[in-house]
Amino acid sequence: MPQSGGLVNFFRPSRWALDREEMTFANHGWSNKDMDPVPPRLRTWTTWNYISYWVSDATSLSVWELASSMLAIGLSWRQALPCIAAGYAIISVVMVLTGTLGARLHVAFPVLNRSSFGFWFSYFTVFSRVLLSMFWFGIQTYNGSQCVYQMLKAIWPSIARMPNRLPVSANITSSGLLCYFLYWLIQFPFLFVTPHKIRWLFFAKGVLAPITWLAMIIWAFVKVPASQGLFSQHATIGGNYFSWAWLSAMNSALGVYASLSVNIPDFTRYAKNERAQYVQPFIIPIAFTLCSFVGIAVTSAGIQLYGEVLWDPLRLIDHWDNRAAAFFASFVFSLTTIGTNISANSLGAGNDMTALCPKYINIRRGQIICAIIGGWALCPWNILANATGFLSFMDGYTIFLGPFAGIMVTDFYLVHKGCVDVPALYDTSGRYRYTAGFNWRAVLAMLVTVGPTLPGLINSIDPTIKIGYATRLFDIAWMYGFVVASLVYYVTSYLFPAHDTYVDGLISADDVMSIDKEYEKDRKSPTETVQSGIEGKDKKSVNVETTDVQV
């Protein structure tokens with residue numbers, strides 16, 4: 001019976017309820033410590049942390065693969081690089097605009113977007129991002145397992161001949177499942193690192209990854225001189241098709257970090273000050289364009305050496321004879337994949353699930369749920385093996401991310417002009433309730449932008465469905481969504497202003513209440529209680545402001 005009672009208690013909801021903090025916005029159960037505005041002592045990210053973060057992210061597998069895949073669709077490197085630079089320059093500006101929201105208000109994306117979408121409609125953006133993050137967490141974990149395979153193959157080449165005990169229908173081999181489990185296990189402890197300390201992981205990535213990429217481009221130019229490889233490569237498309245291919249490729253560059261452009265406040269809210277994250281529009285285009293050039297150059301060398309477009313660097317590494325080089329390169333790519341998976345997927349899912357169920361879920365618990373469901377329940381190897389259309393749908397999620405970013409930026413800078421009531425963001429019946437929790441202006445902006453791009457999304461999932469030139473709009477979905485949603489939201493907010501949401505100035509959490517006990521415990525209030533004699537007796541209230549004290 002005691003064991004049965006213990007098991008029942010384990011699954012009892014009250015067993016998992018988070019401890020209520022003394023200083024919190026969770027008066028009505030809509031917040032917890034992780035959702036609250038970041039206290040001053042945890043605002044630790046400096047300009048150098050954001051530089052190392054973006055340098056480390058620029059050396060991720062997705063950046064390499066995107067740049068290399070542009071050669072596969074027929075663009076030359078001279079055409080691909082300006083396309084990449086333009087895409088990352090645009091997304092960097094959006095990144096600093098949305099990042100400023102987090103740095104100024106010190107709240108995460110699930111909270112701050114209530115000011116523009118309305119308290120309840122904001123949950124549409126949050127819930128959809130949770131699903132997206134879980135799927136991509138699993139897919140990125142699978143990509144990381146390929147790095148582990150190359151590392152083990154460099155140490156024990158016999159793993160390539162490991163007998164497969166799984167059926168073909170499993171869509172994964174025994175060695176593949178082993179490597180997936182090992183990578184998931186290696187990645188798991190990083191989920192316990194708090195967001196304000198995870199910057200050290202990005203610092204390590206920012207040091208090791210550029211060294212590896214530099215070594216790879218030197219190897220490429222030594223093996224295949226630029227005159228025979230990179231400079232000899234020319235475009236294989238032209239005319240009208242080239243124009244749309246170029247725009248589509250730029251939209252893909254925007255799409256790589258479209259999700260992070262929305263949830264970057266999850267990181268910038270830890271900034272020491274607002275200026276710390278202003279470096280983003282400078283470092284992002286430079287770092288990402290240079291790293292994309294490395295990917296293009298090495299891929300061009302691979303075409304000459306191996307006779308095919310190896311846009312995945314791990315497939316390229318698989319051809320190497322130098323086992324030490326293969327191990328180190330695979331190790332660095334595994335490290336960059338961990339960092340990207342945490343920043344773009346795991347932490348985002350953790351923050352979003354915290355907003356969905358703040359009484360029971362904090363960021364750490366949300367990340368663990370994401371690791372279990374996204375890593376195992378969704379079986380990413382089955383997704384990659386069987387669901388080309390599903391992956392097209394996941395890529396097509398940019399039709400939502402462009403409007404999300406456009407509405408957030410327009411609301412903060414043009415509609416409310418930076419004047420936000422932060423405590424009201426935690427109040428279900430506060431000024432940001434709008435109409436039954438929905439801001440109809442944001443709803444209309446979403447409908448106007450998402451609707452016209454849906455036919456293109458359907459065609460990308462099932463190419464047999466012909467929709468004519470409607471696919472062109474899908475090719476520029478992020479740009480179209482951002483611009484049109486911003487315009488519609490601004491016009492409707494100007495013509496039909498939500499007067500209740502306007503305040504004269506920024507009302508920050510620091511102005512309203514103490515959110516950090518360590519900072520408040522040393523302060524003295526105007527009225528102090530002085531105890532004399534035995535505790536509990538002869539207590540006097542002394543007004544410090546009106547009492548003259550002589551020393």
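**Reading the labels in this structure**

Q: Why is Phe119 called buried?
A: The relative accessible area of Phe119 is 1%. Buried means under 20%, exposed over 50% and partly exposed in between, with a 1.4 Å probe and protein chains only, so Phe119 belongs to the buried class.

Q: What kind of model do these values come from?
A: This is a predicted model, in which local features need pLDDT of at least 70 and side-chain atom pairs count only at pLDDT 80 or more, while totals for chains, interfaces and linings use all residues. Residues are numbered from 1 along each chain as its sequence is written, and side-chain values use heavy atoms, leaving out hydrogens and water.

Q: How many aromatic pairs does the structure hold, and what makes the pair of Phe119 and Trp120 edge-to-face?
A: There are 38 aromatic pairs in the structure. In the pair of Phe119 and Trp120, the ring centres lie 5.0 Å apart and the planes meet at 75°. Rings of Phe, Tyr and Trp (its six-membered ring) pair if their centres lie within 6.5 Å, with planes under 30 degrees apart counted as stacked, over 60 as edge-to-face and the rest as tilted. The angle of 75° is therefore edge-to-face.

Q: What makes the pair of Phe119 and Tyr123 tilted?
A: Their centres are 6.1 Å apart and their planes are at 45°, an angle that is neither stacked nor edge-to-face and is therefore tilted. Both Phe119 and Tyr123 are buried.

Q: How do you know that the side chains of Asn113 and Thr125 make a polar contact?
A: The two side chains come to 2.6 Å. A polar contact is a pair of N or O atoms within 3.5 Å, one able to donate a hydrogen and the other to accept it; residues adjacent in sequence count only if both atoms are side-chain atoms. The value of 2.6 Å is within that limit, so the contact counts.

Q: Which residues does Trp244 contact, leaving aside its neighbours within four places in sequence?
A: Trp244 is in contact (heavy atoms within 4.5 Å) with Arg472, Asp475 and Ile476. Trp244 lies in helix H11 (residues 239-256), and its C-alpha atom is separated by 7.5 Å from that of Asp475, 231 residues apart along the chain.

Q: Why is Trp244 called partly exposed?
A: Its relative accessible area is 23%, between the limits for buried and exposed, so Trp244 is partly exposed.

Q: Why does Leu487 count as exposed, and which helix holds it?
A: Leu487 lies in helix H23. Its relative accessibility of 55% is over the limit for exposed, so the label applies.

How values were computed. Helix = DSSP H or I, 4+ residues; strand = E, 2+ residues; numbered from the N terminus.
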